[in-house]
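Let's walk through a protein model together, one feature at a time. Have the sequence and the 3D view ready, and follow along as we go.

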Amino acid sequence: MANRYESHSDEELFFLHRDGDPGAMAELLERYRRPVMTYLVRTVSDRGLAEEVFVDTFLALHQASAAYQAQGAFRSFVFRIARNRAVSALRRTPERIKRLSSSIEAVPDDDRRPRLQLVHGGVGPERSTGARRQLRAVEEALNALPERHRTALLLFNVEGVPYPEIAQILDVPLGTVKTWIHQARKGLKKQLGDAFSDVGR
């Protein structure tokens, strides 16, 4: 069965939702579930909290629909809300959870987006053990970064968001985004050494 929303842009769906179309927001949820959840899990370091922030993000999106006016990419609008809700959630959390429920490798590498990668060695069980150890190390290194640096790096390297959109999401100049990403890479490489390779240049 054909998806009647398939030909609509995200922004068109949002306007349809504002006009009362009951299926438009469901389609937006489906389109953004994977990228936004991926970002949120790595930002708040806990899948349960990430799911709460995801719901909060789309409730805020619904509430903003009446006053929404097209300005820049719609994706930037969504991620800006998600980032703000994530920061608020972290401020409410007494102690940040250090263990991530999912890892960088949990996201299928099914497109050509630049990604954070780990250099794995060995074969069989040894490789698997080494990979898990490296994944834990990179997750800890990511958590140690300042939130703004981590967000900029994840948006660019994991979600493939271009610099200008990241600048819109974070509401900072383009040069600041480039600086934050450079500093984030530098911080990760300092902590991880040869265990980290960056292919997102």
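This is a predicted model: local features need pLDDT of at least 70, side-chain atom pairs count only at pLDDT 80 or more; totals for chains, interfaces and linings use all residues.

A search of the whole structure finds 11 aromatic pairs. Here, the rings of Phe, Tyr and Trp (its six-membered ring) pair if their centres lie within 6.5 Å, with planes under 30 degrees apart called stacked, over 60 edge-to-face, and the rest tilted. Tyr68 and Phe74 make an edge-to-face pair, with 5.9 Å from centre to centre and 85 degrees between the planes. Tyr68 also pairs with Phe77, and this pair is tilted: 4.8 Å centre to centre and 40 degrees between the planes. Tyr68 and Phe74 are both buried, and Phe77 is buried as well. Buried means under 20% relative accessible area, exposed means over 50%, and partly exposed is in between (1.4 Å probe, protein chains only).

Residues are numbered from 1 along each chain as its sequence is written, and side-chain values use heavy atoms, leaving out hydrogens and water.

Now step back to the whole chain. The protein chain has eight helices and two strands, and along the sequence they follow the pattern α-α-α-α-β-α-α-α-α-β. Helices (H or I, at least four residues) and strands (E, at least two) are DSSP runs, numbered from the N terminus. Of the 201 residues, 46% count as buried. Among contacts between residues at least 6 apart in sequence, 65% join residues at least 24 apart; a contact means heavy atoms within 4.5 Å.

Next, find helix H1 (residues 10-18) and H2, which pack at an angle of about 145 degrees with their axes 8 Å apart. The axes are lines fitted to C-alpha atoms, for helices over the stretch in contact, and angles run from 0 to 180 degrees between N-to-C directions. H1 contributes Asp10, Leu13, Phe14, Leu16 and His17 to the contact, and H2 contributes Ala24, Met25, Glu27, Leu28, Arg31 and Tyr32. These residues divide into seven nonpolar, one polar and three charged. In this sorting, Ala, Val, Leu, Ile, Met, Phe, Trp, Tyr, Cys and Pro count as nonpolar, Asp, Glu, Lys and Arg as charged, and the others, Gly among them, as polar.

Let's turn to helix H7, where Glu165 lies. Why does Glu165 count as buried? Its relative accessibility is 14%, so Glu165 falls into that class. The side chain of Glu165 makes a polar contact with the side chain of Arg75 (2.9 Å). A polar contact is a pair of N or O atoms within 3.5 Å; within protein, one must be able to donate a hydrogen and the other to accept it, and residues adjacent in sequence count only if both atoms are side-chain atoms. Leaving aside residues up to four places away in sequence, Glu165 touches Ala73, Arg75 and Ser76.

Finally, look at two loops. Ser45 has a positive phi of about 65 degrees although it is not a glycine, and Ser45 sits in the loop between helix H2 (24-44) and helix H3 (47-64). Asp171 is not a glycine either, yet has a positive phi of about 60 degrees; its place is the loop between helix H7 (163-170) and helix H8 (174-192). Are these residues buried or exposed? Ser45 counts as buried because its relative accessibility is 0%, whereas Asp171 counts as exposed because its relative accessibility is 66%.
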